[in-house]
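Hi everyone, thanks for coming. Let me put the model up, and then we'll walk through a couple of spots together.

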Amino acid sequence: MGNENRGSARNIVQVGAMRGDVHIHEAGGAQPVAPGELPAAPAHFVDRDAALAELDELLGESREGRAGWAVISGVSGVGKSAFAVHWSHLVKQGFEDGQIVFDFDRGARGLGDAAEHCLRSLGVEAALIPPATDDKLAMLRSWTRDRKLLFLFDDVVELTDVLKLLPASGASVVLCTSRQDGAELAADGVRPIRLKPLGSEHALDCLRRKGLRERVDAEPDAAAELVARSGGLPIALNVMIGLLARRTSWTIARAVRELSEQSRRRTHFRAAFAELDLAVEQLTRAEAHVYGLLGRVGLALPAGAVAALADLTEIDAEAHLAELHRICLVEENDQEQFLLHDLVTEHAAETLGTSEASADDAVRRLVAWYRQQGAFADRMVTEPSRLRVVDDEITGENPFTREEALEWLRSERVNLLGMVRLAAESAWHVDVIALCDGPLWALHNQDKHYSDTLSALAEAVTSALAIEDLPAEARMRSLRGQLLIECGELDEALAECAEAVAVAERAGHRRILASALEFQGKALHAHQQFEAAIENFQRARQLNVELGRQRGMAIQDYLIGKSLSALGRNDEALQAFGSAAELIAGFPGDKRTPSRISVAAARVHQALGQHEQAVSQLREAISATRERSSFDVAEPLELLADSLTALGRPGAQECLEEALEIYEQAKNPKAERVRRKLSAG
């Protein structure tokens with residue numbers, strides 16, 4: 001044999017001359033180890049039952065040749081890492097080949113670093129790890145094939161890096177935490193889990209479990225305020241827990257006062273704000289501007305409203321919101337509205353890098369957008385020709401059907417109230433009045449939210465006084481009086497309606513005066529001053545005759561009939577209701593008034609012992625009312641129960657139970673009367 005080798009040989013040694021024996025020793029291969037790298041489990045973990053169940057479901061899935069994968073996302077400080085570690089400890093015994101943890105450190109470490117760490121953790125010697133990232137990944141796939149491993153990758157920036165790290169083993173599971181939502185990778189098998197701040201009860205439970213039980217139970221209101229000021233974020237809650245642990249003489253109320261001062265609050269929550277600062281640094285200027293404006297208004301807005309706020313097209317607004325949502329700065333609710341969590345709202349407002357005038361211009365655009373959309377919705381839900389003291393001239397095609405308009409009013413109720421607040425703060429008095437007299441009043445005719453609407457109408461009265469608009473003042477006082485009647489605050493209602501009539505007289509506005517007389521008549525009727533109420537309604541009817549307003553005449557006939565019925569003048573009442581029904585027939589868009597006339601006529605038939613006629617009218621009214629209003633169906637249901645009971649027919653209890661549910665939801669005092677009827681059996 002010469003110096004040439006042909007064929008394969010495992011080990012070759014070339015020597016010149018050999019004396020004695022030659023021993024060849026082969027280096028032993030690296031042996032797999034079972035790493036246990038999980039950090040200590042978080043102490044006193046609370047909540048997250050739904051998210052834990054999702055991971056349990058992932059663990060139980062049957063997979064072939066591919067690890068299960070979940071991305072845990074959420075706003076900074078929400079507890080992503082703690083959640084991942086907590087679940088990992090719950091299930092670690094099922095991963096007999098080990099658990100590996102790697103921190104990407106917000107992008108400071110990359111894919112190659114992660115692959116090398118995993119290989120070292122599995123027992124591969126450093127000298128055997130190839131330098132190229134692709135080669136490391138190939139080796140990692142070999143070392144993880146068919147093994148049962150749990151990987152936790154923390155603070156991932158590029159989620160696609162984790163996709164390349166996935167083991168080819170159905171028995172393994174990969175968790176990663178990120179400020180980016182994983183939904184975009186659903187097609188790649190990821191299970192996105194987006195954590196939200198802790199709810200109030202769970203946050204209070206967290207305080208109790210971390211040594212503050214006695215103090216929380218001694219100051220429940222202050223504890224609730226502390227939780228609210230912490231925004232439900234664990235990172236902020238832990239700051240306050242530490243502060244109270246150090247300041248043993250402090251009450252929780254004292255800690256709340258500490259957080260009330262903005263600069264001190266910023267100091268205490270510097271870690272949470274620093275995390276948010278880092279996230280904002282990654283935004284484009286336009287995205288950061290949208291983020292800051294959302295913080296300025298502090299409301300959950302649809303994309304169209306955000307477009308108006310930021311002076312963007314709706315397409316551009318949606319693109320910016322999508323990016324803010326992807327990186328977990330913005331949340332989207334089930335009504336397609338975008339919002340910031342409490343602490344994030346404060347941070348966003350601080351980052352708004354525009355002048356106060358520019359920010360005011362943005363809010364002005366937002367209020368104008370809601371005023372216009374609200375005007376469209378109002379005219380689709382209520383009679384277009386009804387009285388409005390600020391009769392906005394809206395141009396273009398109404399974007400709503402009636403059903404869509406009502407849905408919009410309901411979903412945007414909080415924002416409409418928010419617009420009243422923002423407009424009042426900026427002394428945009430006409431906007432305050434228009435929003436109350438338009439969309440908020442239209443919604444009140446369908447659903448009842450007494451406290452909020454009463455407060456808004458009080459702002460509207462203040463605005464009318466500020467600009468010395470007598471017709472607007474009379475109108476806002478009248479509407480407020482109506483709500484007070486419905487709430488049973490009859491003395492205050494009488495006073496408010498009397499002032500409305502006096503203001504309308506001074507204004508010399510006949511239509512406003514007719515309306516004010518009508519509402520005052522309702523207050524008198526509620527006070528059982530029926531003759532005086534009829535005088536008001538007759539005077540209002542005459543003004544509507546002079547103005548040629550047939551619908552106004554119909555409504556006064558209906559109200560006159562109700563007061564006549566209360567006086568026992570039933571035949572006259574039925575005549576008045578007949579006249580009202582005939583007049584209102586000329587307004588097919590008014591679905592509410594005909595049903596109200598039918599219900600009032602049914603009451604008269606009940607008083608006359610004519611329950612068959614009453615049942616027929618009430619069933620018809622209930623059917624028509626269900627199509628447009630949940631609240632208005634309560635009265636005919638209650639009356640139907642009375643007639644069914646009188647006739648000895650079944651179904652009365654079911655009617656009363658439904659009516660009670662509606663009244664209770666609206667916090668209407670009539671609920672107590674229905675309860676008594678149910679108790680009486």
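Let's start with helix 26 and helix 27, where Asn570, Ala573, Leu574, Phe577, Ala580, Ala581 and Ile584 of helix 26 touch Thr593, Pro594, Ile597, Ala600, Ala601, Val604, His605 and Ala607 of helix 27; contact means heavy atoms within 4.5 Å. The residues of this contact split into 12 nonpolar, 3 polar and no charged, where Ala, Val, Leu, Ile, Met, Phe, Trp, Tyr, Cys and Pro count as nonpolar, Asp, Glu, Lys and Arg as charged, and the others, Gly among them, as polar.

A word on the source: this is a predicted model, in which local features need pLDDT of at least 70, side-chain atom pairs count only at pLDDT 80 or more, and totals for chains, interfaces and linings use all residues. Residues are numbered from 1 along each chain as its sequence is written, and side-chain values use heavy atoms, with hydrogens and water left out.

Now, what about the sheet? Its 5 strands form an open sheet in the order 2-3-4-1-5, with parallel pairing; strands are DSSP runs of E, at least two residues, and helices are runs of H or I, at least four, numbered from the N terminus. To pair, two strands need at least two DSSP bridges between them. The edges are strand 2 (99–103) and strand 5, each pairing on one side only.

Strand 5 (residues 190–194) is joined to strand 1 (residues 68–73) by 5 bridges. Across that pairing, Ile72 sits opposite Ile193, and Val71 has Pro192 as its bridge partner. Is strand 5 mostly covered or uncovered? Covered: 4 of its 5 residues are buried, meaning under 20% relative accessible area with a 1.4 Å probe, protein chains only.

Terms used: Buried means under 20% relative accessible area, exposed over 50%, partly exposed in between (1.4 Å probe, protein chains only).
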